[in-house]
Amino acid sequence: MTSSATFHYLLRLADTSLVLGQRLGEWVGHAPALEEDLALANIALDLLGQARLLLSYAGEIEGHGRDEDALAFLRDAAEFCNVSLAEQPNGDFGRTIVRQFLLDAWQLELYEALSGSTDARLAGIAAKAVKETRYHLRFSAGWLVRLGDGTAESHARVAAALDELWRFTDELLTPDAVDQEMAAAGVAPSLAGLRLRWEERVGAVLEEATLKRPAAASYLWHGKRGVHTEHLGHMLAEMQHLPRTFPGVTW
Amino acid sequence: MVSEQVWRVLRSVMDPEIPVLSVVDLGVVRYVRADGAGLHVGITPTYSGCPATEVIQRSIREALAREELEDVTVETVLSPPWTSEWLSEEGRRKLEAFGIAAPTARSAANVACPRCGSHEVQRVSEFGSTPCKAHYRCDDCIEPFDVFKCI
């Protein structure tokens with residue numbers, strides 16, 4: 001196992017939480033109701049906390065003196081390794097819920113498996129994240145059922161979002177060389193096994209939400225290898241604006 | 001014993017968000033150890049992103065420095081992850097007196113309104129004003145209240 005592979009694997013986990021947390025942060029002050037505003041901000045905070053722990057660890061593994069802030073604020077889009085689904089724009093509340101649900105279900109399976117990682121520090125971070133992610137998934141799955149099995153309008157909106165976002169899910173579950181190297185070392189789970197558990201979990205909620213599982217679709221994006229949709233760069237421009245404009249600023 | 005003195009100081013360091021709970025009540029102090037390099041205090045965060053964690057670590061260093069316990073390293077411990085079961089009995093009583101229902105099994109039927117004691121309560125949201133609290137409403141006294149989350 002190479003430290004470069006470990007570094008990139010940690011960045012995938014960290015950047016997915018960071019980017020998704022930043023997206024949810026865009027809802028603060030704009031959500032449909034105060035309770036949902038608070039919930040999305042709380043989930044964003046958990047994700048940001050997970051990202052900080054993972055980025056700090058990644059920086060230590062890399063050994064070039066980059067801390068969590070340097071990794072979060074001073075990398076360009078092509079160096080981000082989040083899965084492409086995480087960077088997709090919020091759209092309406094229903095679309096945000098669909099994106100959140102698909103990723104919560106994935107993160108829960110992933111973190112449960114990573115709690116048994118041969119890498120003790122990663123296992124510790126994952127065991128903590130599992131508890132938080134269970135709350136996230138209850139929220140997003142609960143809303144998906146309410147919206148899917150709700151009015152004709154709410155159903156149509158989440159069904160359209162699901163159709164649009166589904167093509168990004170294959171990336172979550174298709175291993176590449178880094179995933180395979182981590183799985184062989186016992187650091188990460190096999191994505192083939194994870195795919196089965198994810199499909200079962202997601203399928204059950206979609207059924208309850210009266211939503212049809214979209215057909216598999218090919219995809220062109222490999223966010224975890226740095227090949228992103230056009231949305232990430234715009235998001236990072238805002239997220240990184242302050243530390244890049246005023247290097248070293250504190251407040 | 002120096003470690004007893006450290007524990008005494010830690011019992012005076014309050015959570016910045018719930019100022020009736022000390023860090024010992026909250027169950028975030030995992031150990032106080034002495035070795036050749038000095039004292040080590042192990043602190044575990046409640047939630048990965050809880051902003052209070054850094055404030056707590058700084059408050060601990062400052063409180064120990066005021067007692068001239070300078071040779072202390074405050075360390076972050078992630079494993080095993082914090083659980084609301086580590087809240088002390090005294091901490092649970094202080095929470096209730098402060099108006100926050102103590103953590104209980106997840107069913108809303110077990111939650112009692114900290115103001116009037118009624119079990120006729122409804123969960124408004126599993127997320128509240130801080131990562132560690134959920135938002136409830138009492139149907140008897142019609143007051144909203146926080147519940148310390150079970151995690």
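**Close-ups of chains A and B**

**View 1. Where chain A meets chain B.** The contact draws 20 residues from chain A and 16 residues from chain B (residues are in contact if their C-beta atoms, placed from the backbone, lie within 7 Å). On chain A's side, the elements giving two or more residues are helix 2 (34–62) and helix 6 (helices are DSSP runs of H or I, at least four residues, numbered from the N terminus). That side of chain A has 10 nonpolar, four polar and six charged residues (Ala, Val, Leu, Ile, Met, Phe, Trp, Tyr, Cys and Pro count as nonpolar, Asp, Glu, Lys and Arg as charged, the others, Gly among them, as polar). Bear in mind that this is a predicted model: local features need pLDDT of at least 70 and side-chain atom pairs pLDDT 80 or more, while totals for chains, interfaces and linings use all residues. Residues are numbered from 1 along each chain as its sequence is written, and chains are lettered from A and ligands numbered from 1 in the order in which they are written.

**View 2. Helix 6 and helix 7 of chain A.** Helix 6 (residues 120–148) packs on helix 7 (residues 152–165) at about 125°, axes 7 Å apart (axes are lines fitted to C-alpha atoms over the stretch in contact; angles run from 0 to 180 degrees between N-to-C directions). That makes the pair oblique (under 35 degrees is roughly parallel, over 145 roughly antiparallel, 65 to 115 roughly perpendicular, the rest oblique). A:L144, A:L147 and A:G148 of helix 6 touch A:S154, A:H155 and A:V158 of helix 7.

**View 3. Helix 5 and helix 6 of chain A.** The axes of helix 5 (residues 93–114) and helix 6 come within 7 Å and cross at roughly 150°, so these two helices are roughly antiparallel.

Key: Contact = placed C-beta atoms within 7 Å.
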